[in-house]
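Me: I'm new to this one. Can you walk me through it?
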Amino acid sequence: GADWRIDWYAGNAALLQEDYEGAFARFDRVLQALPGELAPKLALAATAELTLEHWESDDPASWRDFCENFYRTVWRTDHSVVSAAFGLARQLAGSGRTGDAVDVLDQVPHTSRHHNVANMTAALILLRHGNIDELTDADLLDAAKRVSSLPADEGRALQMRALVLGTALEWIRAGRSPRRDHGRILDSRFTENGLRRGTEAALRELARKCPERAHRYVLVDLANAIRPRSLI
């Protein structure tokens, strides 16, 4: 019958109205009618994620488990549904399973148009939102390797380069040091001065390519603040 179609459209309408509980009930009815279909499973996972973000639940752990399990089911079944990989990675990273989240994003096929975004997202997860206390030199080098593999026409590659180098600089300035002499990271010496020079260069290049004057000035000011101090 067509009842599931009504529930599907009603569920989408409920999402637009931020009625997540109503949307979840509608999508659940669709899944009961079409238990083998991936679309209602993906919709239920996304709705559960929105519920976690916007609704004070008495049992958030159950919502998180549900969300993670349905994203994983969809992704394991069909690697062309890349939104499921990103959803699963968000859940894993949010619960501190950084390595598992990166592993999922690495499964996005090289032929996918989302591959570069998956690679950059993995790099961001490895950087742990700039939480220096949790970072290791291995995380920084892995993130750098991913950024260096981005194609020349990837518009966000330079921003990612500046972010990785800047994070590595903060890591060094916080008193951390590589476990062994890695030499270079993104063509910069893995030392405070080397990272200052690399970050400064990336910021200046970003400034040159920035169309907005105010933003360009901010980037130049940042570059000036980061550059190695001269003896003169």
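Me: How many residues does the largest nonpolar core have?
Reply: It has 65 residues. Those with the most contacts inside it are Leu140, Val164, Ile185 and Leu195. Keep in mind that this is a predicted model.

Me: Which helix gives the largest share of this core?
Reply: Helix α9, residues 157-173, with ten residues.

Me: Back to leucine 195. What is it in contact with, leaving aside neighbours within four places in sequence?
Reply: Leu165, Ala168, Leu169, Ile172, Ile185, Arg189 and Phe190.

Me: New topic. How do the axes of α7 and α8 cross?
Reply: At roughly 160°, and they come within 9 Å. Angles over 145 degrees count as roughly antiparallel, so α7 is roughly antiparallel to α8. The crossing is left-handed.

Me: Which residues meet there?
Reply: From α7 (residues 115-127), Asn119, Ala122, Ala123, Leu126 and Leu127. From α8 (residues 137-148), Asp139, Leu140, Asp142, Ala143, Arg146 and Val147. They divide into seven nonpolar, one polar and three charged. Leu140 is also one of the residues with the most contacts inside the core.

Me: Now the loops. Where does glutamate 18 lie?
Reply: In the loop between α1 (3-16) and α2 (20-33).

Me: Is glutamate 18 buried or exposed?
Reply: Exposed, with a relative accessible area of 58%.

Me: And leucine 186, buried or exposed?
Reply: Buried, at 9% relative accessible area. Leucine 186 lies in the loop between β1 (184-185) and β2 (188-189). Its phi is positive too, near 50°.

Technical notes. Residues are numbered from 1 along each chain as its sequence is written. This is a predicted model: local features need pLDDT of at least 70, side-chain atom pairs count only at pLDDT 80 or more; totals for chains, interfaces and linings use all residues. Side-chain values use heavy atoms; hydrogens and water are left out. A nonpolar core is a set of buried Ala, Val, Leu, Ile, Met, Phe, Trp, Tyr and Cys residues joined through side-chain atoms within 4.5 Å. Buried means under 20% relative accessible area, exposed over 50%, partly exposed in between (1.4 Å probe, protein chains only). Helices (H or I, at least four residues) and strands (E, at least two) are DSSP runs, numbered from the N terminus. Contact means heavy atoms within 4.5 Å. Axes are lines fitted to C-alpha atoms, for helices over the stretch in contact, and angles run from 0 to 180 degrees between N-to-C directions. Angles under 35 degrees count as roughly parallel, over 145 as roughly antiparallel, 65 to 115 as roughly perpendicular and the rest as oblique. A crossing is left-handed if the near helix is turned anticlockwise from the far one by less than a right angle, and right-handed if clockwise. Ala, Val, Leu, Ile, Met, Phe, Trp, Tyr, Cys and Pro count as nonpolar, Asp, Glu, Lys and Arg as charged, and the others, Gly among them, as polar.
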